[in-house]
Amino acid sequence: MGIKKSRPSRREFLKSASALTGVAVATFIGAPFNGVVIASEPAGAKGPWYGYGIDIEKCIGCGRCANACKNENNVPQKPYYFRTWIEQYTIKNDGSIHIESPNGGVDGFEQKIPEEEIFKSFFVPKMCNHCHKSPCVQVCPVGATYDSPEGVVLIDDSYCIGCRYCVQACPYGCRYIHPEKKVVDKCSLCYHRIKKGMNPACVEVCPTNARIFGDLRDKEGPLVEFLRTHTCQVLKPHLNTGSKLYYNALSAEVR
Amino acid sequence: MENHYDHLQEMLTRVDGFIYPNEIELHWGILVVVYPYVTGLVAGAFILASLERVFNVKVLKPTYHIALLTALAFLLTATLPLVSHLSQPGRAFQIMVTPNPNSAMAIFGFVYLWYLMVVLLLEIWFDYRRDIVIWSREKKGLLKWVYKIMTIGIFDLSPKSIEWDKKIGYFITVVGIPSAFLLHGYVGFIFGSVKANPWWSSVLMPVIFLFSAMVSGIALVMLVYMIVSFIRRVKIDMKVLDTIAKYLFYILIIDFSLEALDQIHRIYEAEESFEIISLLVSGKLSITLGLIQLFLGTLIPLFALGLFQLYKPANRIRKWVYFIVGFLVLIGIFFMRWNVVIGGQLFSKSFYGFTSFKLQLIGSEGLWMAILWMVVPVLILAFLLWLLPPWKRVPE
Ligand code: SF4
Ligand code: SF4
Ligand code: SF4
């Protein structure tokens, strides 16, 4: 794709390794502590630093995003491959949890559980979290999965050897092997669109504005505004992946 | 391709509970089971050989070279299951050209080469150098030239040079032991470091892999020794068998304790993933883990070998029991790898459901491919034993 990889070269790696102790101490004293919700950014970097927000309260499970994503990004139509999908959570009065995602929610949902048995029900759209400390980037043996300078986790199709280690390492099930390209694939945050100043396809089509795309460094922007006005959480925070996908109204049942 | 879709279609109908939609496809199949299995056999066989050399265990002399050649035969093919499971096998060399220093898998190529080139080949070469030179003089025809090439032009057989061969060989063995630990401990780390997967993520994983590797390697060398003796129609030295079995017994105890510790730790801590993992163990893994790995592959061998430490029945009976035990242990360790690799992918990372695994026969991830990568090293071993017969070495 010709995008600059922010992963350091071997030489830089050695250099930084030798200076590691000093740097660690310096960051400890110098930098303010970054909480879980706002993932830490690489120090001294400029330009946008992208993240994503999802408002669970607004999602109606129409599946348009999942559909648009498949069309926009050449994701196979078969029901085994998704860059984004929607999960329907239904908690029954007896406390049991039912989760469904037929065809990733592309065709929408119907509630099969009778109304009177339902305690609460909601939809959770999922996609790549564009983790700042992503396990997938960490494990890729050849560096085919990498961070773009804007904080987007991307895949170099011409480089991936298809070992699938990253698929194992992603805690969120975001990756699949593209059956035609025979390399790994996942949400690219519609890099080709956002580079041109457009919104990702899934954000564009969402009828309720449940999906918010934005620059975390733009303090006046829509994403920071969303984070300020809502109580947001990321998925599986205990894994410390530095996820930049923030959910409003994330219920404890969601994993 | 259509086949693949049909397979996934069938898998979709077998889902239990909820899994992430991308999890229908199980990504690491039987070849990724074979890979740590084969590497484990290498490390185990080598460690047994080193024991003999470094600690000077004289009784094990007849198995020393068998163990080294076994290690070499399996090491030569160890990467092939991995490479053939890639979706882009043609790009495999990229691991060596542009490795990502943060990736556990990227280091494999280097650990492998170090072990193959520096440790095993050198050790075997120094060990056989004198015989190779002598054979290159005695043999006729093509074989003469094969040995000649293997001498790489060094024909010096002076007592001093032989003395040096021994010294260097010893030194390589000493370097080789930590290398063997590295080779297999590292394979355990590939799994143990995946924090997304609670069935894998454990600091004990490298250690467990290491000890199970030793168990399987020792069992394999024991079997090869018995089979080779049978084919050559020579009497099996019961002292050798008893000693190997004793090692097998001790290492098996350590291996069993480590695995038990790992499980007890999981049960006692009972983290978020506890429910799904206990369902996994009592359900989908009950046969491969409970019956094969634990009962047949561990408890029965432990019992039999333990009994023989106290009471020794007739040679004939012991021989047969050792044979069966060796076999059971090898199967048990294979399924240990299976339970880790396949077992770790059977439950969803949402912890809300299960997929299943259906072994396919053909294709790059199929059973036949796996069998191929298990049979080829055995053939290589037969060839090596023919080319470098430990029993025909020229007495000093
Ligand atoms: S969500 Fe998964 S695929 Fe996306 S960056 Fe994080 S670990 Fe990688
Ligand atoms: S499948 Fe491709 S992107 Fe993923 S770890 Fe392997 S080489 Fe890297
Ligand atoms: S950002 Fe683009 S690639 Fe990612 S889920 Fe949305 S539409 Fe798909």
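Predicted model: local features only at pLDDT ≥ 70, side-chain atom pairs only at ≥ 80, totals over all residues.
Select the ligand and then the residues around it: A:Cys69, A:Asn73, A:Arg83, A:Thr84, A:Cys187, A:Ser188, A:Leu189, A:Cys190, A:Pro200, A:Ala201 and A:Cys202. Colour helices α3 (64–73) and α7 (201–205) of chain A, the elements that give two or more residues to this shell. Sorted by class, the shell around ligand 3 holds 7 nonpolar, 3 polar and 1 charged residues.

Next, select ligand 2. Which residues lie around ligand 2? They are A:Cys140, A:Pro141, A:Val142, A:Ala144, A:Thr145, A:Cys160, A:Ile161, A:Gly162, A:Cys163, A:Arg164, A:Cys166 and A:Val184. By class, this shell is made up of 9 nonpolar, 2 polar and 1 charged residues.

Then go to ligand 1. It is surrounded by 14 residues, and the closest are A:Cys128, A:Asn129, A:Cys131, A:Cys136 and A:Cys170. The class count for the shell around ligand 1 is 9 nonpolar, 3 polar and 2 charged residues.

Look for 8 helices and 11 strands in chain A. Chain A has 255 residues, of which 55% count as buried. Take the contacts in chain A with a separation of 6 or more: 65% of them are between residues 24 or more positions apart. Switch to a surface view of chain A, which exposes about 11500 Å². Carbon and sulfur atoms supply 56% of that area.

The C-alpha trace of chain B spans about 70 × 55 × 35 Å along its principal axes. How does the radius of gyration of chain B agree with that of a compact globule? A compact globule of 396 residues would have a radius of gyration near 21 Å, and chain B has 22 Å, so the two agree.

Stay with chain B for its packing. Of its 396 residues, 57% count as buried. Among its contacts between residues at least 6 apart in sequence, 80% join residues at least 24 apart.

Select B:Leu241, which is in helix α10 (residues 238–269). Is B:Leu241 buried or exposed? Its relative accessible area is 0%, so B:Leu241 is buried. Leaving aside neighbours within four places in sequence, B:Leu241 is in contact with B:Met222, B:Tyr225, B:Met226, B:Ile236, B:Lys319 and B:Tyr322.

Finally, select B:Gln293 in helix α12 (residues 286–310) of chain B. B:Gln293 has a relative accessible area of 8% and is therefore buried, since buried means under 20%. Not counting residues up to four places away in sequence, B:Gln293 touches B:Glu259, B:Thr288, B:Thr298, B:Gly332, B:Phe335, B:Met336 and B:Asn339. Which side chain makes a polar contact with the side chain of B:Gln293? The partner is B:Glu259, and the polar contact is 3.0 Å.

Methods. Residues numbered from 1 in each chain as written. Chains lettered and ligands numbered in written order. Heavy atoms only, no water. Near = heavy atom within 4 Å. Nonpolar A, V, L, I, M, F, W, Y, C, P; charged D, E, K, R; others polar. Rg over C-alpha atoms; globule rule 2.2 N^0.38 Å. Buried < 20%, exposed > 50% of the residue type's maximum accessible area, 1.4 Å probe, protein only. Contact = heavy atoms within 4.5 Å. Helix = DSSP H or I, 4+ residues; strand = E, 2+ residues; numbered from the N terminus. Polar contact = N/O pair within 3.5 Å; in protein donor to acceptor, adjacent residues only side chain to side chain. Areas by Shrake-Rupley, 256 points an atom, 1.4 Å probe, with all protein chains shown as cover.
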